[in-house]
Amino acid sequence: MTNMFLIKYGEIGIKGRNRGVFEDALVKQIRIALDAVDGEFFTRKERGRIYVNCSGDWNYDETVNALTHVFGIVGIAPVVECDCDTYETLEKNVLEYMKNEHGNETATFKVKVRRVNKDFPRPSMDTDADLGEAILNNFPNLTVDVHNPDILLDVEIRDKAYIYSKIIPGPGGMPVGSNGSAELCLSGGIDSPVAGWMIAKRGVTIDAVYFHAPPYTSERAKQKVVDLARIVAKYSGPIRLHIVNFTDIQLYIYDQCPHEELTIIMRRYMMRIAEHFAKEDKCLGIITGESIGQVASQTMQSLMCTNAVCTMPVYRPLIGFDKSEIVDISKKIGAYETSILPFEDCCTIFVAKHPVTKPELQFIERSEHHLVEKIDELMKTAIDTTETMVVRP
């Protein structure tokens with residue numbers, strides 16, 4: 001059984017002179033992911049490759065599961081490392097590998113040799129052919145198919161030989177921590193965890209803010225959001241989660257402003273508070289799960305009114321997605337079953353019967369003038385009483 005994995009990455013490989021920086025970031029994230037797994041692991045870079053050596057009392061499935069949650073990895077290949085000082089040694093080790101991994105299969109195969117060590121005495125194409133012939137002679141149930149083989153046997157000849165025939169898909173993307181940080185507006189719905197996952201996939205470290213409205217929202221609603229943050233954290237790493245008590249602000253807006261404008265005005269104050277914590281956390285932007293036209297607060301006019309209160313960028317990775325596409329990703333990352341639990345968040349409690357869908361900024365700002373007497377004090381209290389926790393996978 002293998003005790004080593006070859007880690008394959010994608011676009012990191014085209015980063016030119018910065019490639020090493022992204023490789024180092026990926027190695028760091030791999031080490032963090034494997035810290036939570038029983039066993040001893042040694043992760044190293046070597047001439048354009050990243051390897052993970054496993055020892056001690058380690059579990060194959062748990063290790064693979066941890067690696068499949070590391071952004072930047074496109075493939076995980078269980079690999080056998082062996083000597084290749086002569087062709088005969090290499091052939092012996094390849095046949096041993098085939099016996100252990102595919103000896104009882106009836107299948108087609110192809111051998112692909114990559115000779116990085118030019119001191120090895122045979123060219124890649126000759127080694128391809130010779131190893132293929134040796135496999136045919138020793139495994140009568142296997143036949144060659146160079147176009148669409150069932151088994152693609154990769155043999156990389158370096159100081160040692162690395163043999164593998166299986167590649168487990170990784171999540172792709174860029175290693176977290178390689179592209180700054182952003183503040184996620186996290187609710188208990190389907191969309192925002194997906195939005196956070198998508199931005200983290202591009203290498204962005206995630207912090208989050210959740211707006212809680214007790215007693216209108218329960219402790220179970222709050223726990224649901226913590227659970228969703230934990231699911232995202234499996235990919236993004238630990239998330240600093242700010243839980244803001246938004247009740248008094250919502251009630252004040254409800255009393256002072258036109259009800260058809262409630263959703264937009266509440267969203268604008270949420271974004272103001274989210275930006276406060278984004279700056280405090282040294283983030284470079286705010287993330288939301290908004291999609292054009294999905295609800296009244298997500299029309300083009302509504303989004304423009306919401307954006308008007310922000311001085312930093314607002315990233316909306318789901319902006320052009322329809323609901324079924326968002327649900328598919330939610331299921332893929334394991335968040336869907338938690339997202340649909342029937343615990344309301346503050347965005348769904350104070351919803352007007354007939355919300356405005358094409359608000360005009362001048363009228364929204366005019367309505368907000370009714371709030372000037374107390375809103376700054378209420379916002380300060382909400383910020384000062386915010387509960388902050390670090391959510392880990």
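**View 1. Ile264 sits in helix H8, which spans residues 262-280.** The structure is a predicted model, in which local features need pLDDT of at least 70 and side-chain atom pairs count only at pLDDT 80 or more, while totals for chains, interfaces and linings use all residues. Residues are numbered from 1 along each chain as its sequence is written, and side-chain values use heavy atoms, with hydrogens and water left out. Helices (H or I, at least four residues) and strands (E, at least two) are DSSP runs, numbered from the N terminus. Ile264 counts as buried because its relative accessibility is 2%, where buried means under 20% relative accessible area, exposed means over 50%, and partly exposed lies in between (1.4 Å probe, protein chains only). Leaving aside residues up to four places away in sequence, Ile264 touches Ser297, Ser302, Cys305, Val356, Pro359 and Ile364, contact being defined as heavy atoms within 4.5 Å. Pro355 is 91 residues from Ile264 along the chain, yet the C-alpha atoms of these two residues are separated by 8.6 Å.

**View 2. Helix H8 crosses helix H14 (residues 375-384).** Two packed helices are described by the angle between their axes and the distance between the axes. The axes of H8 and H14 come within 11 Å and cross at roughly 45 degrees; such axes are lines fitted to C-alpha atoms, for helices over the stretch in contact, and angles run from 0 to 180 degrees between N-to-C directions. H8 and H14 are therefore oblique to each other, since angles under 35 degrees count as roughly parallel, over 145 as roughly antiparallel, 65 to 115 as roughly perpendicular and the rest as oblique. On the H8 side the contact is made by Tyr269, Arg272, Ile273, His276 and Phe277, and on the H14 side by Ile375, Met379 and Ile383.

**View 3. Five strands form an open sheet with mixed pairing, in the order E5-E9-E8-E6-E7.** Strand E5 (80-82) and strand E7 (142-144) are the edge strands, each of which pairs on one side only; two strands pair if DSSP finds at least two bridges between them. From one strand to the next, the twist averages 30 degrees. Within this sheet, strand E6 (residues 107-115) and strand E8 (residues 151-157) pair in the parallel sense over seven bridges, and Arg115 stands opposite Ile157 in E8.

**View 4. Helices H3 and H4 lie across strands of the sheet.** Helix H3 (residues 87-102) lies across E5, E7, E8 and strand E9 (161-164), and runs at about 145 degrees to E8. Helix H4 (residues 124-138) lies across E6, E7 and E8, and runs at about 150 degrees to E6.
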